[in-house]
Amino acid sequence: MSLTDLFQKKTVFSFEVFPPKATTPAEKLQATLHNLQAIHPDFISVTLGAGGTGRYGATVDIADMIQNQLGITAVSHIPGLYLSEDDVLNLLQKLAERNVHNVLALRGDRVPGREPLGVFKHADQLTTFIKQNSDFDVMGACYPYTHKDATSGVADIQHLANKVAAGADHLISQIFFDNNQFYNFREKAELAGINVPIEAGIMPVTNKRQIENITSVAGVPLPEKFTCMMERYADNKEALRDAGIAYAIDQIVDLVAQGVDGVHLYTMNNSYVAQRIWDATASLFQASATTTK
């Protein structure tokens with residue numbers, strides 16, 4: 001069964017992981033993946049650094065382990081800004097050789113001081129190229145708030161419609177901390193004729209560094225409820241972790257009750273947090289498989 005078909009049968013639950021840094025033992029991620037396997041997610045996506053082709057190997061090897069050792073559908077990210085057509089074809093071939101046939105096509109982040117190649121300026125161009133040159137299922141990214149590089153909210157939705165028209169089979173959202181923002185976005189997408197499944201991207205914030213990254217890099221709007229919680233427990237590591245987990249659980253309970261197509265958990269390679277969240281919400285996802293979607 002393809003992932004797209006799976007959305008018709010249940011509320012999908014999936015994870016994102018990333019290759020370890022050079023200073024981090026590979027065994028640490030392997031242990032994380034084995035722990036995540038016990039949750040039986042519908043798929044696990046693996047990031048590929050925005051800077052280009054140098055880390056193909058790590059992403060492909062992790063996707064290989066997920067797909068062929070753990071028996072879970074693997075999805076490889078492909079950020080296009082710094083890739084050539086040959087780069088993409090080479091990566092697709094390496095993935096196909098390992099029986100990985102799902103990718104997330106992204107524009108990718110700009111690297112300071114480095115000019116993009118200019119072949120894939122937008123994700124819809126990359127999606128079109130992958131669809132024309134392979135039989136891969138292609139996912140796309142979406143933004144519950146307007147993307148920071150978009151000229152307007154209307155333009156952002158139009159870019160998303162172009163991505164779907166190019167062949168994106170389903171969408172995964174960037175993180176958000178206000179569910180109403182996601183619901184408003186979902187309504188706008190529907191009005192624009194975007195009718196593919198949309199997974200909600202949820203990231204449990206469990207430490208100060210994540211908060212700093214969210215505010216300084218990601219540009220994600222933070223509701224008062226969230227900022228009050230973070231400020232209250234900022235100096236208590238354990239309390240902050242538990243508060244972040246509780247906030248994510250609260251988001252997920254509401255999302256599933258409101259009929260979300262799926263939840264994509266940005267794990268930050270932390271299987272303990274993922275397990276805590278799954279323990280609190282598993283029955284909700286299991287119930288979705290017994291009801292008509």
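Visitor: Which residues does I130 contact, leaving aside its neighbours within four places in sequence?

Guide: In this predicted model, I130 is in contact with I78, V88, L92, V103, A105, F136 and V138, once neighbours within four places in sequence are left aside. Contact requires heavy atoms within 4.5 Å, and these residues therefore meet that limit.

Visitor: What place does I130 hold in the largest nonpolar core?

Guide: That core has 66 residues, and I130 is among those that touch the most other members, together with V17, L33, I66, L171 and I194. A second, separate core of 26 residues includes L106, M139, M203 and I211. In soluble globular proteins, nonpolar side chains tend to be buried together.

Visitor: A105 is among the contacts of I130. Why is A105 called buried?

Guide: The relative accessible area of A105 is 0%, and a residue counts as buried under 20%, so A105 qualifies. A105 is placed in strand β4. Its contacts, apart from neighbours within four places in sequence, are I78, A123, L126, T127, I130, V138, M139, G140 and A141. V138 is 33 residues from A105 in sequence, with 6.5 Å between their C-alpha atoms.

Visitor: What makes β4 a mostly covered strand?

Guide: Five of the five residues of β4 are buried. N102, L104 and L106 lie on one side and V103 and A105 on the other, and both faces are covered. In a regular strand the side chains alternate between the two faces of the sheet.

Visitor: How do you know that β4 pairs with β3 and with β5?

Guide: Pairing requires at least two bridges, and β3 and β4 have four, so they are paired, in the parallel sense. P79 has L106 of β4 as its bridge partner. Four bridges also join β4 to β5, and these strands run parallel. There, V103 stands opposite V138 in β5.

Visitor: Which helices connect these strands, and what is the hand of each crossover?

Guide: From β3 the chain crosses through α4 to β4, and this β-α-β crossover is right-handed. β4, helix α5 (residues 123-133) and β5 also make a right-handed β-α-β unit. The term applies because, with the strands pointing away from the viewer, the path from the first strand over the helix to the second runs clockwise.

Visitor: What makes the whole set of strands a barrel?

Guide: Eight strands close in the order β1-β2-β3-β4-β5-β6-β7-β8, with parallel pairing. From one strand to the next the twist averages 30°. On the sheet packs helix α7 (residues 179-191), which touches β5, β6 and β7, and its direction makes about 155° with that of β7.

Visitor: What is found at β1 and β2?

Guide: Strand β1 (residues 12-17) and β2 pair in the parallel sense over four bridges, and E16 stands opposite S45 in β2. With helix α2 (residues 26-37), they make a right-handed β-α-β unit. α2 lies across β1 and β2 and runs at about 175° to β1. In β2, F43 and S45 point one way and I44 and V46 the other, and all are buried.

Visitor: Why is T32 classed as it is, and which residues does T32 touch?

Guide: T32, in helix α2, has 7% relative accessibility, which is under 20%, so T32 counts as buried. Not counting residues up to four places away in sequence, T32 touches N269, N270 and S271.

Visitor: What makes N99 and M268 worth a remark on their phi values?

Guide: N99 has a positive phi of about 65° although it is not a glycine, and M268, also other than glycine, has a positive phi near 55°. N99 lies in the loop between α4 and β4, and M268 in the loop between β8 and α11.

Visitor: How do you know that the length of α10 is close to expectation?

Guide: Helix α10 (residues 237-257) has 21 residues and reaches 31 Å from its first C-alpha to its last, against the 30 Å expected at 1.5 Å a residue. Its buried residues include L240, A243, Y247 and L255. Just after α10, G259 takes a positive phi of about 80°.

Terms used:
Residues are numbered from 1 along each chain as its sequence is written. This is a predicted model: local features need pLDDT of at least 70, side-chain atom pairs count only at pLDDT 80 or more; totals for chains, interfaces and linings use all residues. Side-chain values use heavy atoms; hydrogens and water are left out. Buried means under 20% relative accessible area, exposed over 50%, partly exposed in between (1.4 Å probe, protein chains only). Axes are lines fitted to C-alpha atoms, for helices over the stretch in contact, and angles run from 0 to 180 degrees between N-to-C directions. A nonpolar core is a set of buried Ala, Val, Leu, Ile, Met, Phe, Trp, Tyr and Cys residues joined through side-chain atoms within 4.5 Å. The expected span of a helix is 1.5 Å times one less than its number of residues.
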